Every structure is written in structure tokens, then in C-alpha cells.
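Biologist: I would like to learn how to read a protein model, one feature at a time. Where do we begin?

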Amino acid sequence: MKLLENQTAIVTGASRGIGTGIAQLLAELGANVAFTYLSSEAKAKELEAELHAKGVKAKAYHSDASDYKAAEQLITDVLTEFGKIDILVNNAGITKDGLLMRMSEEQFDAVIKANLKSVFNMTKAVQRPMLKERKGSIINITSVVGIRGNAGQSNYSASKAGIIGFTKSIALELGSRNIRCNAVAPGFIETEMTAALDEKVVAGWRDGIPLKRGGTALDVANAVAFLASPMSSYITGQVLQVCGGMLT
Ligand code: NAP
């Protein structure tokens, strides 16, 4: 029997990058996977077909995680289609970087809404079905910059630090109902986005990491799968850093 067989997972923002890696691994481990996208429709459909080919149930939903009503509707739709929800991975996120001096109110609000409010929306909507099942694992993707801050990313760092406070509070609120809530804090993960950067800059980043390499989507997905599975059944309210030792 596979580690996540008969489990249903929702992953937000799985049409690209880390979210795709998480959806692929959860399906590989036997979970049925519902996932969302916002604009990358073709990639989402491709992923849906790829997950089906692994022999699990899979469906892509066009849904904006930062929209409260859309998140509620998504959970209703997934319950209708999949019957239950065991795992929620809040992965969707954006950046709108700039020094405070130049950061607009719009840039600040957009990042808080997409990164932090989305986690509230989805967790709130999934709470009822998980309470009914008396079981659940919620995993929120934060970042090392939510722990240590980053110049030029005050909006992003604040949203990711907010996720950590939210995670710990939900762990306290829902622990007695056998619902766990943890966060994963990736460091520098090499995705399509970073492939477009200057190779010299990226080499400098790699050199500053004790394990001397950037992380992969699979490195993050492995941590998520652990927290989603019964292998972590006595772990809640934690922040697991997947950063090659960047923050020690
Ligand atoms: P990415 O490649 O930019 O992908 C972001 C994903 O989120 C896309 O699938 C996008 O969908 C989706 N998305 C964005 N806003 C959304 C919304 N409002 N509703 C639903 N989906 C939405 O990002 P990534 O690098 O994989 O990052 C994934 C997560 O890891 C983020 O939370 C990020 O902050 C965190 N993280 C990344 C790194 C890193 O080094 N890459 C490090 C630390 C933390 P569409 O493409 O369909 O629009």
C-alpha cells in the first residue's frame, strides 16, 4: 500500500514550480489530487493528464485562492467530486518586490492578499469537512524570508511571517480534533523563474548555502509529503526549513 493511498489532497497554485512538484509527488504516493491554477491553464491541463496517468483521481480547478467566496466554492466542488479532503497544501503565492521607499500600497496589499489572506480563506473553508472527518493535515508554504526578513521584500516577508503565526494558532485551535497544521519554509529553490536569472548571480547564491546547491521542487515536495502523511502524526505547529542549511 502506498503512503497516501485513499487520501484526497488539495494543492493551491500547482500549475507551475513548487506546486507542480508537490502535486506530482502526492499523486506518486497514491493520493487523489485536486489542484488550482489562476492563469496557466494549458500547464494545469497537462498536469491533470500526467496525474491521471499515475492511476489516481486528479482535477484542475481555475480558482483564485485570494478570493474568499471562490475558496468556499472550491471546497464545495472538491467535496462533491472527491467525497472528502484529508490534506490541504496552501502553496499559491506571488512576489511584488521593491524597497520600502518605492513600494506602493497596491504592491503591499496584493502580496498580503495573495499569500496570507489566501491561507485564511482556504483553511477556513476546509475546516468544516476536516472537523467532520476528525482528521486532517494542513501544510502552509512560507519562506526563510518570513523568518529572517529580506531587503526589498518587506511585503513578501510580512506575508510569510504572517503565515507562520497563522499556522501555529490553527495548530493550537484544531489539535484536539486531530487536525494538524504545519509550515514548510523553502530557501532558494531553482524553478523556471530562477532559470531566467544571470548564472553568475545564481552561482553566488549557491555558494552561500552550506549544502552548496539550490533546492528543487522535489526537495520541498518531500517535506510536504512527510507532513501530509501519518509518518508525522505527532507533529503540529512546526516550521520545517528546506533551505540546505541557509538558516541555522
Ligand atoms: P511560481 O513558480 O511563481 O508559481 C506560483 C503558482 O501559484 C502558480 O501555479 C500560480 O498559478 C499560482 N498562483 C498565484 N497566485 C494565485 C492565486 N491567487 N490563486 C491560485 N493560484 C495562484 O512560484 P514558486 O516558486 O513555485 O512558489 C510556490 C510557493 O513557494 C509560493 O508560496 C512561494 O512564495 C514559496 N516559495 C518559493 C521559493 C522559491 O525559491 N521559488 C522560496 C520560498 C518560498 P498561475 O501560473 O496559473 O497563475
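Predicted model: local features only at pLDDT ≥ 70, side-chain atom pairs only at ≥ 80, totals over all residues.

Biologist: How is a pocket found, and what volume does the largest pocket have?

Modeller: Rolling a probe the size of a water molecule over the atoms shows where empty space is left. On a 1 Å grid over the protein atoms alone, a pocket is an open set of points where a 1.4 Å probe fits, with protein on both sides within 12 Å along at least five of seven lines; lining residues have an atom within 4 Å of a point. Grid points are joined across faces, edges and corners, and a volume is the space filled by probe spheres set on the points. Here the largest pocket has a volume of about 1,500 Å³.

Biologist: Which residues lie nearest the centre of the largest pocket?

Modeller: Its lining has 49 residues, and Gly93, Ile94, Thr95, Tyr156 and Met193 lie nearest the centre. Two or more lining residues come from each of α1 (17–28), β2 (32–37), α4 (105–133), α5, α6 (154–174) and α7 (192–195). Helices (H or I, at least four residues) and strands (E, at least two) are DSSP runs, numbered from the N terminus. The most is given by α4, with four residues.

Biologist: How do the lining residues of the largest pocket divide by class?

Modeller: Ala, Val, Leu, Ile, Met, Phe, Trp, Tyr, Cys and Pro count as nonpolar, Asp, Glu, Lys and Arg as charged, and the others, Gly among them, as polar. The lining of the largest pocket has 21 nonpolar, 21 polar and seven charged residues. The second largest pocket holds about 240 Å³ of space. Its lining has 17 residues, with Lys135, Arg180, Ala228, Ser229 and Pro230 nearest the centre. By class, these are six nonpolar, six polar and five charged.

Biologist: How is the span of a helix checked, and what does α9 show?

Modeller: The expected span is 1.5 Å times one less than the number of residues. Helix α9 (residues 217–228) has twelve residues and should span 16 Å; its end C-alpha atoms are 16 Å apart, so the two agree.

Biologist: Which residues of α9 are buried?

Modeller: Buried means under 20% relative accessible area, exposed over 50%, and partly exposed in between (1.4 Å probe, protein chains only). In α9 the buried residues are Ala217, Val220, Ala221, Ala223, Val224, Ala225, Leu227 and Ala228. They pack against α1, β4 (87–90), β5, β6 (179–186) and β7 (239–242), where contact means heavy atoms within 4.5 Å.

Biologist: Is threonine 142 buried or exposed, and what does its side chain meet?

Modeller: Threonine 142 is found in the loop between β5 (136–141) and α5 (145–148). With a relative accessible area of 2%, threonine 142 is buried. A polar contact is a pair of N or O atoms within 3.5 Å; within protein, one must be able to donate a hydrogen and the other to accept it, and residues adjacent in sequence count only if both atoms are side-chain atoms. A polar atom of the threonine 142 side chain lies 2.9 Å from the backbone oxygen of lysine 160. Leaving aside neighbours within four places in sequence, the contacts of threonine 142 include Ile163, Ala183 and Val239.

Biologist: Where is serine 159, and which residues does it touch?

Modeller: Serine 159 is in helix α6. Its relative accessible area is 0%, so serine 159 counts as buried. A polar atom of its side chain lies 2.7 Å from the backbone oxygen of tyrosine 156. Not counting residues up to four places away in sequence, serine 159 touches Val111, Ile112, Asn115 and Leu116.

Biologist: What is there to read in a phi angle?

Modeller: Most residues other than glycine have a negative phi. Asparagine 178 has a positive phi, near 65°, and is placed in the loop between α6 and β6. At 43% relative accessibility, asparagine 178 is partly exposed. Lysine 212 also has a positive phi, of about 60°, and lies in the loop between α8 (199–207) and α9.

Notes. Residues numbered from 1 in each chain as written. Heavy atoms only, no water.
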